[in-house]
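Welcome! Take a moment to look over the sequence and the 3D view, and then we can walk through them together.

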Amino acid sequence: MAIPRQLPNAITIVRILCAPVFLWMLLADGGADGALRWWAAALFIVAIATDGIDGYLARKHHIVTDLGKLLDPIADKVLTGFAFIGLSILSELPWWVTIVVLIREVGITVYRLIVVSDHVLAAAWMGKLKTLAQGIALSLALLPLWTLVGDGIFWVNSVLMTIAVILTILSGVDYVVTEMRGARAKRKDA
């Protein structure tokens with residue numbers, strides 16, 4: 001069964017549009033443990049899960065586009081960036097963590113936009129692993145599970161967030177090294 005060629009990119013754009021709605025829901029009642037917090041977390045989880053869906057559809061139906069390769073990681077960064085910022089505004093995550101993550105994310109995104117006329121910098125396996133780790137860590141941090149399982153969940157959240165931050169830094173280094181090697185190889189060929 002054929003799907004519309006624009007469907008994967010449309011899913012990606014919807015993910016971008018969900019980000020401000022999610023952030024509003026998270027902050028609207030000051031991050032309280034009520035229904036709005038649960039709905040905000042649920043929206044984040046559904047939106048971040050679409051990352052796998054749009055990519056799967058594009059690959060399965062052979063409709064991978066340069067626009068999709070560019071927009072998909074931007075959508076992830078917008079959504080996860082809003083989550084990091086929201087958690088820091090609520091004082092549930094140290095600002096230094098959010099700043100480190102945002103510097104890496106904005107840096108790679110700006111670089112992608114600079115080199116787009118030369119080549120499209122698609123997400124690498126380490127970047128995808130980083131996004132998965134961030135999605136899991138942020139989902140757990142956003143869900144007010146402490147109301148159900150107690151304060152032990154904070155320890156689990158800290159471990160998962162630490163893994164996500166380490167992968168964020170390592171994947172940023174991986175992008176830089178890969179691009180430097182590519183540029184060096186290009187100069188040798190020229």
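Is Gly30 buried or exposed? With a relative accessibility of 53%, Gly30 counts as exposed, because the cut-off for that class is over 50%. You can find Gly30 in the loop between H1 and H2. Its C-alpha is 9.2 Å from that of Ile89, although 59 residues separate Gly30 and Ile89 in sequence.

Please keep in mind that this is a predicted model.

**The chain as a whole**

Let us step back to the overall picture. The chain holds 7 helices and 0 strands. Read from the N terminus, its elements follow the order α-α-α-α-α-α-α. Along the principal axes, the C-alpha trace spans about 60 × 40 × 25 Å. The radius of gyration is 18 Å, which agrees with the value near 16 Å that a compact globule of 190 residues would have.

What share of the 190 residues counts as buried? The figure is 44%.

**Two helices side by side**

Two packed helices are described by the angle between their axes and the distance between the axes. Here, helix H1 (residues 7-28) packs with helix H3 (residues 66-89) at an angle of about 5°, and their axes are 9 Å apart. That makes H1 roughly parallel to H3, because angles under 35 degrees count as roughly parallel. Sorted by class, the contact of H1 with H3 has 17 nonpolar, 4 polar and 3 charged residues.

**A proline inside H1**

Now look at Pro8, which lies in helix H1. Pro8 counts as buried, because its relative accessibility is 4% and the limit for that class is under 20%. Which residues does Pro8 touch, once its neighbours within four places in sequence are left aside? They are Ile3, Asp54, Leu57, Ala58 and Ile63. Between the C-alpha atoms of Pro8 and His61 the distance is 10.0 Å, while the two residues are 53 apart in sequence.

**Two loop residues with positive phi**

Next come a histidine and a serine in loops. His62 sits in the loop between helix H2 (35-60) and H3. Although His62 is not a glycine, it has a positive phi of about 55°. Ser91 belongs to the loop between H3 and helix H4 (95-115). The phi of Ser91 is also positive, near 60°, in a residue other than glycine. His62 is exposed, with a relative accessible area of 69%, and Ser91 counts as exposed at 65%.

**A residue in H7**

Further along, Leu170 is found in helix H7 (residues 152-189). Is Leu170 buried, partly exposed or exposed? It counts as partly exposed, because its 42% relative accessibility falls between the limits of 20% and 50%. From Leu170 to Ala41 the C-alpha distance is 27 Å, and the two residues are 129 apart in sequence.

**Accessibility at a glance**

The table gathers the residues from this tour.

| Residue | Relative accessibility | Class |
|---|---|---|
| Pro8 | 4% | buried |
| Gly30 | 53% | exposed |
| His62 | 69% | exposed |
| Ser91 | 65% | exposed |
| Leu170 | 42% | partly exposed |

Notes:
Residues numbered from 1 in each chain as written. Predicted model: local features only at pLDDT ≥ 70, side-chain atom pairs only at ≥ 80, totals over all residues. Heavy atoms only, no water. Axes fitted to C-alpha atoms, helices over the stretch in contact; angles between N-to-C directions. Helix = DSSP H or I, 4+ residues; strand = E, 2+ residues; numbered from the N terminus. Parallel < 35°, antiparallel > 145°, perpendicular 65-115°, else oblique. Nonpolar A, V, L, I, M, F, W, Y, C, P; charged D, E, K, R; others polar. Rg over C-alpha atoms; globule rule 2.2 N^0.38 Å. Buried < 20%, exposed > 50% of the residue type's maximum accessible area, 1.4 Å probe, protein only. Contact = heavy atoms within 4.5 Å.
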